[in-house]
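I opened this entry to record what I looked up, working from the sheet to the core and then to the ligand.

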Amino acid sequence: PVLVVDFGAQYAQLIARRVREASCFSEVVPHTMPTEELLAKDPSAVILSGGPSSVYEEGAPRLDPALLQAGVPVFGMCYGFQAMALALGGSVARTGLSEFGATPATVLDTDSTLFRGQPTEQSVWMSHGDSVEEAPAGMRVTATTAGAPVAGFEDDERRLYGVQWHPEVMHSTFGQRVLENFLARGAGLTGEWTAANVVDELVAAVREQIGDRRAICGLSGGVDSSVAAALVQRAVGDQLTCVFVDHGLLRAGEAEQVERDFVAATGVDLVTVDASERFLRALAGVSDPEEKRKIIGREFIRVFEQAARDIVGEHASAGDHPVEFLVQGTLYPDVVESGGGSGAANIKSHHNVGGLPEDLQFTLVEPLRLLFKDEVRQVGLELGVPEGIVWRQPFPGPGLGIRIVGEVTRERLEVLRAADRVAREELSAAGLDREIWQCPVVLLADVRSVGVQGDGRTYGHPVVLRPVSSEDAMTADWTRVPYEVLARISTRITNEVREVNRVVLDVTSKPPGTIEWE
Ligand code: XMP
């Protein structure tokens, strides 16, 4: 793998993704990993990430010079660049010439390993207070900026490279090209990491882990659990049983998408538990959002646990191999964020599907734990998972239960489902599915307003459209959906859904608003 050494500022994951985009497998390791252990992973190249600290700060992470003498190609970025300069005997100083943000850089050699085929002047993303003052002996300076005379260096002999900026962020206009040049020309990698190529490996690994025993998997209808299930099914066939809890809070067509389309496409053995009555009963009379969330979460776990027990019991009484494994759709960012990148012991188990029954001891199968979301989608397509699932936008676990402001009832759910279906149809027809992160439709069930339809007065409910654009749901902006599309949605909803006589648009960013209303 290409190892990305994390100096601790969230850049490492992004770098790892960029490396994957260049079709090379990458893994994030902490800077505290001893050089010996790091080299034992047999890295094809090492990238040193940026970091929050100044190399002068007390306790600032250092770079072990041995890593630079191991014959492995190394590329230092930002903090990694400075740490590399120091370790090689160069000097770093607080020059007072800090640079932050987009900065013009001058390439001194457009035929060098990193810069071949690129313009002399490029815009790069900087974030540094210290600068490399003197390049280490043997390193050729290949780029410069006003605040960092030594902004890039290279040594083809030892295969050591570095730049002061952040090539991994999109604001560095040739960043990806610099990275690709390092991987292909500096490290000689050919780039064989593609979703198509990894499916076979992942399937083989799952087969090895599960052997002839049995596994269960909770399906939510979302991308991660669906792709994980499809992969495990490909590996061990009907030794896998999937459980889909229908809490009755799904959108129109979603249960069918899982029960019919997903099963047809993947051959997964599926047990659906129709628990809508139970959820509605538990939610009766409840309007408080937090209380609704708690109830839905609690009921979900109970239903899933019971189903798991039933399946385990069935196979036990049939004398089958015991159900030993629980499949989870954990992704690489979760693994890295919980310290898993270090191979350390503090990997938290992610309870994607509502938690493990405590008295059922399962071993986790996490076939996607090395993949980023976009790779999971590619793997899903490769496995024939329906596109409607592969490209599904995020949908909250508590479902429509937290999109009805007021008490959740069967009738209200039907109204919301009908309105939501129209909005989704029109947004899809307008080709906006990828641009929009998600578009909750919210029923203000406790609000009524006067309207007029035909010759009569109406006294109906408003629905809110909440289209948002986002990269990670932590922040979001409201999407500027074209007026014609909004007009069509509004006309159709008020025509087709009798109880709704007003459609309003939420134009609040996050923060201060959240994406969901409850
Ligand atoms: P908020 O409303 O906090 O939502 O801005 C951020 C993202 O998380 C989704 N969301 C949930 N997803 N279970 C989930 O699996 C939940 O309880 C839940 N609540 C919110 C929301 O749809 C958005 O994508």
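This is a predicted model: local features need pLDDT of at least 70, side-chain atom pairs count only at pLDDT 80 or more; totals for chains, interfaces and linings use all residues.

I find nine strands in an open sheet, ordered E2-E1-E3-E4-E11-E10-E9-E6-E7, with mixed pairing. I checked the edges next. Strand E2 (26–30) and strand E7 (121–128) each have a single partner strand, so one side of each is left without a neighbour in the sheet. From one strand to the next, the twist averages 25 degrees.

I then looked at one pair inside this order. Strand E10 (residues 152–155) and strand E11 (residues 160–163) run antiparallel and are joined by four bridges. Glu154 has Tyr161 in E11 as its bridge partner.

**Helices on the sheet**

I asked which strands helix H4 (residues 79–87) lies across. They are strand E3 (45–48), strand E4 (74–77) and E11, and H4 runs at about 120 degrees to E4. Helix H5 (residues 175–186) also packs on the sheet, where it touches strand E1 (2–6), E3, E4 and E11. The direction of H5 makes about 180 degrees with that of E11.

I listed the buried residues of H5: Gly175, Val178, Leu179, Glu180, Asn181, Phe182, Leu183 and Gly186. Their cover includes E1, helix H1 (11–21), E3, E4 and E11. Just after H5, I noted Gly188 with a positive phi of about 70 degrees.

**Nonpolar core**

I moved on to the largest nonpolar core, which has 138 residues. Ala215, Val232 and Ala419 touch the most other members. Helix H7 (residues 223–236) supplies the largest share of this core, nine residues. In soluble globular proteins, nonpolar side chains tend to be buried together.

I followed up Ala419. Not counting residues up to four places away in sequence, Ala419 touches Val441, Leu443, Val463, Ile493, Val497 and Val500.

**A glutamate to check**

Is Glu426 buried or exposed? I find Glu426 in helix H14 (residues 410–429). Glu426 is buried, because 21 other C-beta atoms lie within 10 Å and the cut-off is 20 or more. Leaving aside neighbours within four places in sequence, I get contacts from Glu426 to Val485, Arg488, Ile489 and Arg492.

**Ligand shell**

Last, I listed the residues around the ligand. They are Pro394, Pro396, Gly397, Pro398, Gln438, Ala473, Lys510, Thr514, Ile515 and Glu516. I sorted this shell by class and got five nonpolar, three polar and two charged residues.

Technical notes
Residues are numbered from 1 along each chain as its sequence is written. A residue is near a molecule or strand if its C-beta atom, placed from the backbone, lies within 6 Å of it. Ala, Val, Leu, Ile, Met, Phe, Trp, Tyr, Cys and Pro count as nonpolar, Asp, Glu, Lys and Arg as charged, and the others, Gly among them, as polar. A nonpolar core is a set of buried Ala, Val, Leu, Ile, Met, Phe, Trp, Tyr and Cys residues joined through C-beta atoms within 7 Å. A residue is buried if 20 or more other C-beta atoms lie within 10 Å of its own, exposed if 12 or fewer, and partly exposed in between; C-beta atoms are placed from the backbone. Helices (H or I, at least four residues) and strands (E, at least two) are DSSP runs, numbered from the N terminus. Two residues are in contact if their C-beta atoms, placed from the backbone, lie within 7 Å. Two strands pair if DSSP finds at least two bridges between them. Axes are lines fitted to C-alpha atoms, for helices over the stretch in contact, and angles run from 0 to 180 degrees between N-to-C directions.
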